[in-house]
Amino acid sequence: MDPRVRLIDFPIVHEPRGNLSFIEGQRQIPFDIQRVYYLYDVPGGAVRGGHAHKNLQQVIIALSGSFDVVVDDGTDRKKISLNRSYHGLYLPNMIWRELENFSSGAVCLVLASAYYEEDDYIRDIAQFRTLANG
Ligand code: TYD
């Protein structure tokens with residue numbers, strides 16, 4: 001697997017009143033955060049993602065509940081389960097991802113390095129494999 005794919009641990013401030021974690025661009029996150037979006041009310045059995053990005057970098061967080069992220073670098077494929085709000089999965093560009101197995105009430109927060117741009121998507125896995133193994 002591409003060694004750039006990794007889990008990031010966010011700081012945790014433990015208090016009897018509850019826990020607090022924080023995320024700072026260019027500190028915990030290796031890019032400037034240009035966009036934040038979130039997935040919620042995902043029906044059981046639904047699969048999100050199913051694409052790679054030419055340039056976009058993202059960090060994916062299970063803010064609540066759990067889901068699995070299948071990542072594919074064009075050669076290797078592995079499944080990473082996210083179920084902690086203090087873990088972020090860093091995905092650099094040119095990584096295919098599928099998000100599945102969402103628990104009821106799961107919220108998936110995504111931090112992204114650029115605004116939404118459909119031209120940055122690769123939505124065909126055969127095309128992705130060709131480009132990735134270029
Ligand atoms: P898409 O990225 O394909 O969803 P996912 O990968 O989570 O399955 O986006 C779904 C739709 O939402 C698509 O029509 C584009 C739109 N969209 C935006 O308008 N802005 C955004 O920031 C994102 C992520 C998606």
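Is D76 buried, partly exposed or exposed? Please keep this question in mind while selecting the residue in the viewer; the model shown is a predicted one.

**First stop: D76.** Select D76, which is found in the loop that joins β7 (67–72) to β8 (77–82). Its relative accessible area is 35%. D76 is therefore partly exposed, as this class lies between the limits of 20% and 50%.

Next, display the surroundings of D76. Leaving aside residues up to four places away in sequence, D76 touches M1 and V71. Select M1 and look at its backbone nitrogen, which is 2.7 Å from a polar atom of the D76 side chain. Then select E15, which is 61 residues from D76 along the chain. The C-alpha atoms of D76 and E15 are separated by 40 Å.

**Second stop: the ligand.** Select the ligand together with the residues around it: R35, Y37, L39, R48, G49, H51, Y116, Y121 and R123. This shell is made up of four nonpolar, two polar and three charged residues.

In the side chain of H51, an N or O atom is 2.7 Å from an oxygen atom of the ligand. For the side chain of R48, the corresponding distance from a ligand oxygen to an N or O atom is 3.0 Å. For the side chain of R123, the distance from a ligand oxygen to an N or O atom is 3.1 Å. On its own, the ligand has 530 Å² of accessible area, of which the protein covers 61%.

To finish, colour β4 (35–39) and β5 (48–53), the elements that each contribute two or more residues to the ligand's shell.

Technical notes
Residues numbered from 1 in each chain as written. Predicted model: local features only at pLDDT ≥ 70, side-chain atom pairs only at ≥ 80, totals over all residues. Heavy atoms only, no water. Near = heavy atom within 4 Å. Polar contact = N/O pair within 3.5 Å; in protein donor to acceptor, adjacent residues only side chain to side chain. Areas by Shrake-Rupley, 256 points an atom, 1.4 Å probe, with all protein chains shown as cover. Helix = DSSP H or I, 4+ residues; strand = E, 2+ residues; numbered from the N terminus. Nonpolar A, V, L, I, M, F, W, Y, C, P; charged D, E, K, R; others polar. Buried < 20%, exposed > 50% of the residue type's maximum accessible area, 1.4 Å probe, protein only. Contact = heavy atoms within 4.5 Å.
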